[in-house]
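Hi,

Here is the structure I promised to pass on to you. Have a look at it first, and then read my notes below.

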Amino acid sequence: MTESPSQQSDRKPAFLTPLALVLLVLGVGFFSGYWGHEEADAGGEILASATLAILLGGALFAIFYVLTQRAQKRFAHAQAELQRSEARFRALVESSSDLIWEVDADGVYTYVSPKIRDLLGYMPEEVIGRTPFDLMAPAEAERVRMMFNAIAASRQAGFGIENVNRHKDGRVVVLETNAVPIFGARGDLLGYRGMDRDITARKEVETALRQSQDNLAEAQRIAALGSWDWDIAKGILRWSDGIYRIFGLSREDFGATYEAFLEIVHPDDRTRIRQAVNETLEHGRPYVMEHRIIRPDGSERVVQERGEVSRGPDGSPLRMVGTVQDVTEQREAELRLHQAAKVFENTSEGVMITDAEQRIIAVNQAFTRITGYAEDEVIRREPKLLQSGRHDDAYYRQMWDAIQSRGRWQGEIWNRRKDGVDYPEWLNISVVRDDAGAVINYIGVFSDISSIKEAQGKLEYTAHHDALTGLPNRLLFRDRLEQALAMARRNGGGVALLFVDLDRFKVINDTLGHEAGDLLLQEVARRLLGCVREEDTVARMGGDEFVVIQKDVSQPESAALLSARMLAAIGTPFTLAGHEIVTSLSIGISLYPQDGRDASTLLKNADAAMYRAKEKGRNGYQYYSDEMASAGIERLELESDLRQALQRGELRVHYQPQVELASGRLVGAEALVRWQHGSRGMIPPAVFIPMAEDNGMIGAIGEWVLDTACADAAAWHAAGLPALRVAVNVSGRQIGGDHVADRVAAALRSSGLAPQLLEIEVTESVVMQDAARAISTLNALRDMGVTLAIDDFGTGYSSLSYLKRFPLDKLKIDKSFVDGMVDDPDDAAIVMAIIAMAQSLRHTVIAEGVETEAQVARLRAYGCDEMQGYFVSPPLPAEAFAEFLRDASAARGDGLS
Ligand SMILES: Nc1nc2c(ncn2[C@@H]2O[C@@H]3COP(=O)(O)O[C@H]4[C@@H](O)[C@H](n5cnc6c(=O)[nH]c(N)nc65)O[C@@H]4COP(=O)(O)O[C@H]3[C@H]2O)c(=O)[nH]1
């Protein structure tokens, strides 16, 4: 226990009081002794004086003592009072929740209350001698020190200085400091006194509040949300930053009022809003509505608005609060989603969506339509259930490789429907990944391509087959030939290529019509197919041309045998639309490897051989030989030249006199066309007429000959020469056409030639091809007054009964019989029979190709009417013939008509 200051002061009189009493007794003693011995001697006087002095001294001492005692008591009291006061203040300071401190001018703590322990974790003695700045981060210390300097400079107290300190345990402690500068008597700064208050918790709350406000604002911004508060009584409308942002307005330029707000609302939506707000004000029900706004920049947005009202005690509305949220993107996304959903449901393509584990999570109606599986039958299952088994593992591996590496795959795939039927589909698989690149979904979009495939198949077939006969066409033939050659090259075998042309097809086609022509080609195709082995190919190259690829030909004779089979098959008459048709083939054969090692050469050579077969009289086959190659080329050139011959004026008409056998009179002339080729000289009609029949030029050539002959005959007559009948050949193709009678009429008209002076010659076979049509054409000509002759008589298959039906005037005995009739009894018999038949039908009969006197004699003997041939004259150019006519007329001295 320590003593209090008052206790210490009370102890002093303990030794002073007895001393004062001793002095007092001594003083009284001396004084009384003096006074009892007045006449004492000097010594007594001295003693008296001494006693007095002692008494006085004692009195003084007593007085002093008393005074001292009093002063001491007062001091002790004051001291005790001071000590009590100090203790009180100390207790106050030390019990204060604030930290009280004192620092010198350099900021060094001279005093610090124990509160520092609570605030900063230090004991006062730990910081005495240090500065408060030592407990701060350097920058903070610098800042706070400057504030203290400012306080000193202002000589004013500083309040609310916030400073951040570091607690002994490392925590941050924010203090609020009030500080007073202390100055000395001379005004010099002695230090500062002040107090710190811990505001860490407050600051944290403030920071948290600010943070939450910021968060709210941020959340509003992110959510495109704003809030408003309408003080109805005061008419003040407060908008959050979010609303300004949504409305595209700035707080500075826009005073928020309800009316101003309505201005921003789309005009068409204003009434709705007014109604909603009024209803809420009236009935208190919160409202939620969507409306459009038009921002100052003209852009239109969709917002969702909510409002609630609060009322005063009397029930009157005081305040409305609400939110505005920009839902434009949301609505657009919803619209897009809606559209996507519509597309998803209504697209004709099947759609299948799986999760990352390839389990189906959604399919559309088209999926069900195509696969036959309902949605609930496939959900959570794997697309594998659609596999057809037509593709191997490698196929699916390649598919998944593509999906993983490129994110998509598309291709054709066979899947199986629920009913077990396989179908081809065009499938497009794509991957959907999240932002981190992880697979979320696989989307498969597919369409059933069965019908496309079918059409493709048909197209493929059509592209490779002849529509009429169903035989492989040129394209497929080419392919097959290449294959056959490749195999022959490998195996060392041979291949025969047979180029087959149907003789006189064009004539048949023109005379019987295209339908009959088509039937004929179909039947020919069927018969040709019947002649070959399975592994051989019969193809149609177009028109009446066929080719046969005969494989594994070890002997060239195999091709001849096949040709013979085909000739026999086609040689059997065809019955088409009630007509019996006889036709034949011309076959050209080329052999691999001897006649060519590639497809083109073999084909070209077979074609050349076929032409040779035709030249040799048709109905036969011909192997290729080297000479044919040049002939083939020549033929092609000639054909091309023929197309220009008419325009170039290279055609001529020569006339061959026809003489009455009995009288030797010149009765007519046959017009025979000639082609005076620019470089090749005279080309015989036997060469170019079949060519013209093939390429369709015969019509134009025939017309030209007809016109020229009529014109020449008319000109001779006009020139004063005797009138003379001119015979013009008309090709089968012309007769087949509809316009022969018209053409003849036109030629007569333009030349002015009398119809009786024109004779039309048609060959027997042509007439026989389509008798009905020939009859009607011939009748028409006959009606015009034109004479009709049948050429090459005896070479066809005419029967007398047939012949009777034709309106003919003349039969022309073919040169081949005339040639042989002198030596060959058969020919002579035929000539006689023809003459007899003509006479019985009352037709004139003329023999052609008469060269010798013996023939003339025979013909005259048999009763033949007329003749023509080198014996009389070869065909002559027009001028020469006119001369011949003039001479003949002069010799006879009479007319010939
Ligand atoms: N060896 C020999 N031959 C004789 C004799 N007398 C006449 N010839 C030839 O015999 C052919 C008779 O004509 P075709 O039988 O109507 O046979 C004609 C005819 O079918 C056809 N032709 C000629 N000109 C025309 C024409 O303008 N139009 C049509 N469609 N065919 C024509 O060409 C065929 C051949 O005509 P060409 O070469 O002019 O040959 C002519 C003629 O020059 C003879 O005594 N001995």
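How far from an oxygen atom of the ligand does a polar side-chain atom of Asp791 lie? The distance is 3.0 Å, a polar contact (a pair of N or O atoms within 3.5 Å).

Before the rest, please note that this is a predicted model, in which local features need pLDDT of at least 70 and side-chain atom pairs count only at pLDDT 80 or more, while totals for chains, interfaces and linings use all residues. Residues are numbered from 1 along each chain as its sequence is written, and side-chain values use heavy atoms, with hydrogens and water left out.

An N or O atom in the side chain of Glu851 is 2.4 Å from a ligand nitrogen atom, and a polar backbone atom of Tyr870 is 2.7 Å from a ligand oxygen atom. On its own the ligand has 790 Å² of accessible area (Shrake-Rupley method, 1.4 Å probe), and the protein covers 82% of that.

The shell around the ligand has 19 residues, each with a heavy atom within 4 Å of the ligand. Gln656, Glu670, Arg674, Glu851 and Tyr870 are the closest. By type, the shell holds 7 nonpolar, 5 polar and 7 charged residues; here Ala, Val, Leu, Ile, Met, Phe, Trp, Tyr, Cys and Pro count as nonpolar, Asp, Glu, Lys and Arg as charged, and the others, Gly among them, as polar. Strand β24 (a DSSP run of E, at least two residues) gives the most to the shell, with 4 residues.

Enjoy exploring!

Technical notes
A polar contact is a pair of N or O atoms within 3.5 Å; within protein, one must be able to donate a hydrogen and the other to accept it, and residues adjacent in sequence count only if both atoms are side-chain atoms.
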